[in-house]
Amino acid sequence: MAEAGRGTAPGGTAAGPGRVLVAVYAVFALAAGARAGVQLATRFAEAPVAYLLSALAAVVYVVATVALARGGRRVALAAITVELVGVLVVGTLSLTDRAAFPDETVWSAFGRGYGYVPLVLPVLGLLWLRRQGRAAGRG
Amino acid sequence: MGAMNAVLVWSATTVAALVALAGLASTAARRRIGLVHLAGAAVLEVLLLVQAVVAAVALAGGQRPPETATFVGYLAGVVLLPVAGVLWSRTEPSRWAGTVLAVASLVTLVMVWRLVQLWEAPGG
């Protein structure tokens, strides 16, 4: 019964290790969403750019979660690529331009507040999609 | 710890850590999750629900952490996590079900301590 459902089956990106990935993405979708919601609702005027990026992060995590869970490889690939670029750009900006990022977002300082998981997650996601793609290509 | 009961917090921490270890162990052993995992998650859920009631009573009694909305959000989220973890892992037919449950348990653990932090945070 081990490793069932891997390969070309629909939802293959959500099987096996992919299921763990979906779980972690779902947690970040919730964490980023809640955080962005509070920031936009209570102090949007303080740092609109930072908080809009925070909201973008939330949207990216939601899209990636749904795409991975339902086996939408292209959408997942796009979302995770945006996520990787986002965490690198926001991570760098939050360190070099502190004034523009007065409050923590999930991507601040490369996700330091979240054990750097936001930095590792897109890399794991892309590796997983690549492995899935190869499995599908062979099948 | 105010509304966060020390006994409940430490019990939840211990149970969450044990469930996480059991989950990772089943992945390492290439096995699916079993009754032990479900029982552990159930105990964790009960502890979280009791803690949620304790906190709700404190909130209703007029005690307020500085960021009440965030605190309530975490409180609502944390009681859903073990349930979500069990549901998402039970439909996984491979050994990775244990890791899913471990992730849910570890996030629960972190959130419980975030709740303690939020409650004790200095006002302002």
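Guide: A residue is buried when its relative accessible area is under 20%. Over 50% it is exposed, and in between it is partly exposed. The model we will tour is predicted.

Visitor: How many aromatic pairs does a search of the whole structure find?

Guide: Rings pair if their centres lie within 6.5 Å. The search runs over all chains. Its count of aromatic pairs is 6.

Visitor: Is the pair of A:Y25 and A:Y61 stacked, tilted or edge-to-face?

Guide: The ring centres are 6.0 Å apart, and the planes make 50 degrees. Stacked needs under 30 degrees, and edge-to-face needs over 60. The pair is therefore tilted.

Visitor: How many residues apart in sequence are the parts that this pair of A:Y25 and A:Y61 ties together?

Guide: A:Y25 lies in helix α1 of chain A, residues 17-43. A:Y61 lies in helix α2, residues 48-70. So the pair ties together parts whose separation in sequence is 36 residues.

Visitor: What is the centre-to-centre distance between B:F71 and B:W119?

Guide: These two rings form a tilted aromatic pair, with 55 degrees between the planes. B:F71 sits in helix α3 of chain B and B:W119 in helix α4, 48 residues apart. Both B:F71 and B:W119 are buried. Their ring centres are separated by 5.1 Å.

Visitor: How many of the 24 residues of α4(B) are buried?

Guide: α4(B) is the helix that holds B:W119. At 1.5 Å a residue it should span 34 Å, and its end C-alpha atoms are 35 Å apart, so the two values agree. The helix is mostly covered. Its buried residues number 18.

Visitor: Which residue has its ring under the charged end of A:R19?

Guide: This contact involves a charge and a ring on two chains, A and B. The charged end of A:R19 is 4.0 Å from the ring centre. The ring belongs to B:W88.

Visitor: In what order do the elements of chain A run from the N terminus on?

Guide: Chain A has 4 helices. It has 0 strands. From the N terminus on, the order is α-α-α-α.

Visitor: What is the radius of gyration of chain A?

Guide: The C-alpha trace spans about 50 × 25 × 25 Å along its principal axes. A compact globule of 139 residues would have a radius near 14 Å. The value for chain A agrees with that: 16 Å.

Visitor: How much of the accessible surface of chain A belongs to carbon and sulfur atoms?

Guide: Of the 139 residues in chain A, 42% are buried. The accessible surface comes to about 6800 Å². The share of carbon and sulfur atoms is 68%.

Visitor: Which residues does A:S54 touch, not counting those up to four places away in sequence?

Guide: A:S54 is in helix α2 of chain A. Its relative accessible area is 1%, so it is buried. The residues it touches are A:A32, A:A36, A:Q39 and A:T105.

Visitor: How far apart are the C-alpha atoms of A:G111 and A:G91?

Guide: A:G111 is in the loop between α3 and α4 of chain A. It is buried, at 0%. Along the chain, A:G111 and A:G91 are 20 residues apart. Their C-alpha atoms are separated by 7.2 Å.

Visitor: Is A:Y116 buried, partly exposed or exposed?

Guide: A:Y116 lies in the loop between α3 and α4 of chain A. Its phi is near 60 degrees, a positive value in a residue other than glycine. Its relative accessible area is 39%, so A:Y116 is partly exposed.

Visitor: What is the relative accessibility of A:A109?

Guide: A:A109 also has its place in the loop between α3 and α4 of chain A. Its phi is positive, about 50 degrees, although it is not a glycine. A:A109 counts as buried because its relative accessibility is 5%.

How values were computed: Residues are numbered from 1 along each chain as its sequence is written. Chains are lettered from A and ligands numbered from 1 in the order in which they are written. This is a predicted model: local features need pLDDT of at least 70, side-chain atom pairs count only at pLDDT 80 or more; totals for chains, interfaces and linings use all residues. Side-chain values use heavy atoms; hydrogens and water are left out. Helices (H or I, at least four residues) and strands (E, at least two) are DSSP runs, numbered from the N terminus. Buried means under 20% relative accessible area, exposed over 50%, partly exposed in between (1.4 Å probe, protein chains only). A charge sits over a ring if NZ of Lys or CZ of Arg is within 6 Å of the ring centre and within 35 degrees of the ring normal. The radius of gyration is taken over C-alpha atoms; the globule rule is 2.2 Å times the number of residues to the power 0.38. Accessible areas come from the Shrake-Rupley method with a 1.4 Å probe; for residues, only the protein chains shown count as cover. The expected span of a helix is 1.5 Å times one less than its number of residues. Contact means heavy atoms within 4.5 Å.
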